[in-house]
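Biologist: I'm new to this one. Could you walk me through how to read it, feature by feature?

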Amino acid sequence: MTYRKNFTCFSNSKIAEMHKCTSDSGWGCMIRSGQMLLSNSLLYHFFGDKFSLDLISKNTEERIRYLSILWEFVDNVKEGVYSIGKVVELGTKYGMKPKDWYGPSMIMRILHKLNKKYHPFPGFQTAYFPEGIIYKSAILEQACNIEKGKWSTQEVNLAEAWTSAILVMVSFRLGINSISPEQHPRIFRLLELPACTGMLGGQKKSALYFLGYQKDKLIFLDPHVTQLAVTNPIGLWSEHLTYHFPTPLRLPITKLDTSIGYGFYLKNYEDYLEFVKVMEKEQGERDSFIQIGEEPVNCNDLDNLVLCEY
């Protein structure tokens, strides 16, 4: 995903006229990075490790499935559930204006809300946890066919109740001006996890999508390329390669901004158990920025409402 131009971004004509928005160049890089994390998670959900451009070029059924994912990200607010138009319009409800720069926490929250509202892919749920605080109950109540509050009862077989894969998105702020070098190994470790589908972050006002690391450098895809918008499903296949990057780049971890966010894809209950095990181990480490608990505080408490958005 990259910047796009020459699109009609909003269905709300008043917003469109006010902001003259036909491109996200210069302000939409975190939105595009968030789209990359979500689309990569969906590709893994449907294809696992088998996805390749060669596969979808030779297999018609797989190509149709692939295009059905891609279509949800095109820059047409009436069609794409995760389009930049829908992201920005929902963002106005959180105090964001078109052309505002998003951080990892905001784009993760909005993509989660869009998935929850439209749910374009049955069997694929999302959960979002700000400030590095993860709640088991929030994951289980989304992924399992059980009543709210019943997940901890002994009568429930959670392995059998698990009915949907889930993308767990967690955002963090690791300091004010810079990240302590002591946190670098943990940032790398989380990227190593089999469940991890990437990390959002970057440098000041320059968002990137991170896939891994090599020595002390993070490997990333860069959305800072402006291409023509794709708004017609008929032309999507001919333009699909514009949604892929030929070459990943590297960034020294010392240049990483303090605001980051991870995605973790959990396909089944076994994945969930392993994820919890790893998060609990990380929580027990010195200076950990991860917390994992059973269930959130009372969501009727307005001061704690943000921690209950799942």
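Modeller: Let's start with one histidine. His240 lies in the loop between α10 (236-239) and β9. Helices (H or I, at least four residues) and strands (E, at least two) are DSSP runs, numbered from the N terminus. This is a predicted model, where local features need pLDDT of at least 70, side-chain atom pairs count only at pLDDT 80 or more, and totals for chains, interfaces and linings use all residues. Residues are numbered from 1 along each chain as its sequence is written, and side-chain values use heavy atoms, with hydrogens and water left out.

Biologist: Is His240 buried or exposed?

Modeller: Buried means under 20% relative accessible area, exposed over 50%, and partly exposed in between (1.4 Å probe, protein chains only). His240 has a relative accessible area of 6%, so it is buried.

Biologist: Which residues does His240 touch?

Modeller: Contact means heavy atoms within 4.5 Å. Not counting residues up to four places away in sequence, His240 touches Leu53, Ile56, Tyr66 and Leu70.

Biologist: And the whole chain, how many helices and strands are there?

Modeller: The protein chain has 11 helices and 11 strands. Of its 310 residues, 54% count as buried. Take the contacts between residues at least 6 apart in sequence: 69% of them join residues at least 24 apart.

Biologist: How do I read a sheet?

Modeller: Strands of a sheet pair through backbone hydrogen bonds, either parallel or antiparallel. Here, two strands pair if DSSP finds at least two bridges between them. In this model, seven strands form an open sheet with mixed pairing, in the order β2-β4-β10-β5-β6-β7-β9. β2 (124-129) and β9 (249-252) stand at the edges with a single partner strand each, so one side of each has no neighbour in the sheet. Neighbouring strands of this sheet are turned by 30° against each other on average, direction ignored. For angles like that, axes are lines fitted to C-alpha atoms, for helices over the stretch in contact, and angles run from 0 to 180 degrees between N-to-C directions.

Biologist: Which strands pair in the parallel sense, and which run antiparallel?

Modeller: β2 and β4 pair in the parallel sense over six bridges, with Thr126 opposite Leu167 in β4. β4 and β10 run antiparallel and are joined by eight bridges; there, the partner of Arg173 is Ser259 in β10. Strand β5 (residues 196-203) is also antiparallel to β10 (residues 259-266), with four bridges between them, and Met199 has Tyr262 as its bridge partner in β10.

Biologist: What about the two faces of a strand?

Modeller: In a regular strand the side chains alternate between the two faces of the sheet. Both faces of β2 are covered: Phe124, Thr126 and Tyr128 are buried on one side, and Gln125, Ala127 and Phe129 on the other. Six of the six residues of β2 are buried, so the strand is largely enclosed by the rest of the structure. For β4, eight of the nine residues are buried, so that strand is largely enclosed too.

Biologist: How should I look at helices that pack?

Modeller: Two packed helices are described by the angle between their axes and the distance between the axes. Helix α7 (residues 136-143) and α11 pack at about 170°, with their axes 12 Å apart. They are therefore roughly antiparallel; angles under 35 degrees count as roughly parallel, over 145 as roughly antiparallel, 65 to 115 as roughly perpendicular and the rest as oblique. Lys136, Ile139 and Leu140 in α7 meet Tyr269, Tyr272, Phe275, Val276 and Glu280 in α11. Helix α11 (residues 269-283) also lies across β4 (165-173) and β10, running at about 145° to β10.

Biologist: Last one: how do I find a core?

Modeller: In soluble globular proteins, nonpolar side chains tend to be buried together. A nonpolar core is a set of buried Ala, Val, Leu, Ile, Met, Phe, Trp, Tyr and Cys residues joined through side-chain atoms within 4.5 Å. The largest one has 51 residues, and Ile31, Leu38 and Tyr82 are among those with the most contacts inside it. Its largest share, nine residues, comes from α2. A second, separate core of 48 residues includes Tyr135, Leu193, Leu218 and Ile253.
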